[in-house]
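Hello,

Here is the structure I promised to pass on to you. Have a look at it first, and then read on for what turned up in it.

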Amino acid sequence: MVRQSAGILMYRRTGNDHEVLLVHPGGPFWRNKDLSAWSIPKGEYGEGDDPELTARREFGEETGMVLEGELQSLGSIRQAGGKLVTGFCIEGDFDVTGLVSNMFEIEWPPRSGRLQSFPEVDRAGWFLLDVAYGKIIQGQRPLLDRLRQMLGGKIG
């Protein structure tokens, strides 16, 4: 069975350009990774679940913001590991200093027998598209291309 997730690429106008909101995964594995490590806020869903509802829920869980407004579809992409990601976009604004993410537990350090809690997302940032291409995991770059196309190529 194919793993599926859904997420939201928020964008905003900044003068004559646009920026996109990306989130950085929390936890010790990602702590010192930056390039090709960021993502759109997203999460997995099961067979029969609604991708848009999942995307809204996951955006809220990973940022602390409840989204209102109509989402536009960016279609689906397949990441290198085989996961199918359904993307949506919305114009909006989010104060990254107000980030509130849900937590997860893992055994850390490995084989220590100790569980530690980490935020699912440890930070968020606004990036111009050219910068976002270097930050976002490679498999999600087509979502940036689709947003650029949707906005008529007017995203910087």
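S36 is partly exposed, as its relative accessible area is 35%. You will find S36 in the loop between β2 and β3 (42-45). S36 has a positive phi of about 60 degrees, although this residue is not a glycine. Please keep in mind that all of this comes from a predicted model.

A positive phi turns up at R111 too: the value there is near 60 degrees, again in a residue other than glycine. Is R111 buried or exposed? With a relative accessibility of 80%, R111 counts as exposed. The residue belongs to the loop between β6 and β7.

That loop also holds P109, with β6 covering 103-107 and β7 covering 115-119. The peptide bond leading from W108 to P109 is cis, and its omega is near -5 degrees.

Now for the overall picture. The protein chain contains three helices and eight strands. In sequence order they read β-β-β-α-β-β-β-β-β-α-α. The radius of gyration is 15 Å, close to the 15 Å that the globule rule gives for 156 residues, so the chain is as compact as a globular protein of that length. Along the principal axes, the C-alpha trace spans about 50 × 35 × 30 Å.

What about the inside? Of the 156 residues, 43% count as buried. The largest nonpolar core is made of 20 residues, and L9, V20, L22, L144 and L147 have the most contacts inside it. Two or more residues of this core come from each of β1 (4-14), β2 (17-25), β4 (72-78), β5 (84-91), α2 (129-135) and α3 (141-150). Apart from that core lies another one of 17 residues, including A6, M10, L21 and A55.

Beyond its neighbours within four places in sequence, L22 is in contact with residues including L9, W38, I40, F127, A132 and I136. For the chain in general, take the contacts between residues at least 6 apart in sequence: 65% of these join residues at least 24 apart.

The accessible surface of the chain comes to about 8,300 Å², and carbon and sulfur atoms account for 50% of that. There are 18 positive and 22 negative side chains, and the centres of these two sets lie 7 Å apart.

Enjoy exploring, and write back whenever you like.

Best wishes

Methods: Residues numbered from 1 in each chain as written. Predicted model: local features only at pLDDT ≥ 70, side-chain atom pairs only at ≥ 80, totals over all residues. Heavy atoms only, no water. Helix = DSSP H or I, 4+ residues; strand = E, 2+ residues; numbered from the N terminus. Rg over C-alpha atoms; globule rule 2.2 N^0.38 Å. Buried < 20%, exposed > 50% of the residue type's maximum accessible area, 1.4 Å probe, protein only. Contact = heavy atoms within 4.5 Å. Areas by Shrake-Rupley, 256 points an atom, 1.4 Å probe, with all protein chains shown as cover. Lys, Arg positive; Asp, Glu negative; His and termini not counted. Charge placed at Lys NZ, Arg CZ, Asp CG, Glu CD. Core = buried A, V, L, I, M, F, W, Y, C linked by side-chain atoms within 4.5 Å.
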